[in-house]
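Visitor: I am new to reading protein structures, and I would like to learn how to describe one step by step. Could you guide me through the display?

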Amino acid sequence: MRSACCAGGSPGDFALWAVHAGGRTILDAVEQGFGLGAEALAPSRSVLRDRGNMSSATLMFILAQMLDCKARGPGLALAFGPGMAAESFRFTIEG
């Protein structure tokens, strides 16, 4: 059965991960919880480091960075809010 936490897929289905967490601790937990490699969240960590938490705009900056770096493939975007509310959506960057 596919996990509902991955928008109907499993972690291995996604080459790209755009995670807005608001902080490093949640990025670490997503990486560990999904068994991702260190590079999987590099765009998310880069945006957090360079721009901080920009609330809902953060995901757009992460996706823009992926486009700038010519990243390709299926992706999963995750956003976490107060009280551990979570939203997700699947996306694909084609080239």
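Guide: What follows goes from the whole chain to single side chains. This is a predicted model, in which local features need pLDDT of at least 70 and side-chain atom pairs count only at pLDDT 80 or more, while totals for chains, interfaces and linings use all residues. Residues are numbered from 1 along each chain as its sequence is written, and side-chain values use heavy atoms, with hydrogens and water left out.

Visitor: Which helices and strands does the protein chain have, and how many?

Guide: Helices (H or I, at least four residues) and strands (E, at least two) are DSSP runs, numbered from the N terminus. Here the protein chain has three helices and three strands, and from the N terminus on they run in the order β-α-α-α-β-β.

Visitor: What does the radius of gyration of the protein chain say?

Guide: The radius is taken over C-alpha atoms, and the globule rule is 2.2 Å times the number of residues to the power 0.38. Because a compact globule with 95 residues would have a radius of gyration near 12 Å, the 12 Å of the protein chain agrees with that rule. Along the principal axes, the C-alpha atoms fill a box of roughly 35 × 35 × 20 Å.

Visitor: Is H20 buried or exposed?

Guide: Buried means under 20% relative accessible area, exposed over 50%, and partly exposed in between, with a 1.4 Å probe and protein chains only. H20, which lies in strand β1 (residues 16-20), counts as buried because its relative accessible area is 9%. Of the 95 residues of the protein chain, 35% count as buried.

Visitor: Which residues does H20 touch?

Guide: Contact means heavy atoms within 4.5 Å. Leaving out residues up to four places away in sequence, H20 touches N53, S55, T58, L59, I62, L78, A79 and F80.

Visitor: How many aromatic pairs are found in the whole structure?

Guide: A pair of aromatic rings is described by the distance of the centres and the angle of the planes. Rings of Phe, Tyr and Trp (its six-membered ring) pair if their centres lie within 6.5 Å, and planes under 30 degrees apart count as stacked, over 60 as edge-to-face and the rest as tilted. A search of the whole structure finds three such pairs. One of them joins F14 and W17, which are edge-to-face at 5.8 Å centre to centre with 80° between the planes. F14 is buried because its relative accessibility is 8%, and W17 is buried because its relative accessible area is 1%. Ring pairs also link F14, W17 and F34 into a cluster.
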